[in-house]
Amino acid sequence: MQWGFILSLIFATLVTIFALRNANEVLIDFLFGKVNISQALVIFISAILGAVIIAIMGGIRNLRLKKEVKELNKKLELLVQENKNYQILLTENEHSEEQDIVANDEKFEESNNENKEEL
């Protein structure tokens, strides 16, 4: 951010020096009339209009980026919730599999005991 500010100051200084060295009056011909005006003033007005246009374009870009960030945050929240739901299901499935294993082990032990009694 500081480099941008420093470069802006350098550019503004160069524009000022250029404008002051070219302070002669010039004839500006608009569609609706002609005006004699200082060339320095024309340079300053052009530079200011350029800066305003760039600021507006930057503001529009920032608004678009903020909107995109909000949309991505909403998607992220949905994905995090979906992940939590899948983790719960996975935990429940692991727990039920453990219960099935315990039940199978109990059946195996019962059948083993019955086989021992028969012998």
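The following points concern the fold, surface and confidence of a predicted model.

1. Overall architecture. The protein contains two helices and two strands. Their order along the sequence is α-β-β-α. Helix H1 covers residues 2-21, strand S1 covers residues 25-29 and strand S2 covers residues 34-38, and helix H2 covers residues 39-118.

2. The strand pair. S1 and S2 run antiparallel and are joined by five bridges.

3. Nonpolar surface patch. Seven side chains deserve attention here: Trp 3, Phe 5, Ile 6, Leu 7, Leu 9, Ile 10 and Leu 14 make up a nonpolar patch on the surface. Together these residues present about 800 Å² of accessible area. One of them, Leu 7, belongs to helix H1. Leu 7 counts as exposed because its relative accessible area of 55% lies above the 50% cut-off.

4. Of the 119 residues in the protein, 3% are classed as buried.

5. Contacts across the sequence. Among contacts between residues at least 6 apart in sequence, 19% link residues at least 24 apart.

6. Confidence. The mean pLDDT of the protein is 83, and 80% of the residues score at least 70. Confidence is highest in S2, at 89, and lowest in helix H2, at a mean of 83.

Technical notes. Residues are numbered from 1 along each chain as its sequence is written. Side-chain values use heavy atoms; hydrogens and water are left out. Two strands pair if DSSP finds at least two bridges between them. Helices (H or I, at least four residues) and strands (E, at least two) are DSSP runs, numbered from the N terminus. Patches are made of residues with over 30% relative accessible area and no salt bridge: like charges are joined within 9 Å, nonpolar side chains (Val, Leu, Ile, Met, Phe, Trp, Tyr) within 5 Å. Accessible areas come from the Shrake-Rupley method with a 1.4 Å probe; for residues, only the protein chains shown count as cover. A salt bridge is a side-chain nitrogen of Lys or Arg within 4 Å of a carboxyl oxygen of Asp or Glu. Buried means under 20% relative accessible area, exposed over 50%, partly exposed in between (1.4 Å probe, protein chains only). pLDDT is the predictor's confidence in each residue, from 0 to 100. Contact means heavy atoms within 4.5 Å.
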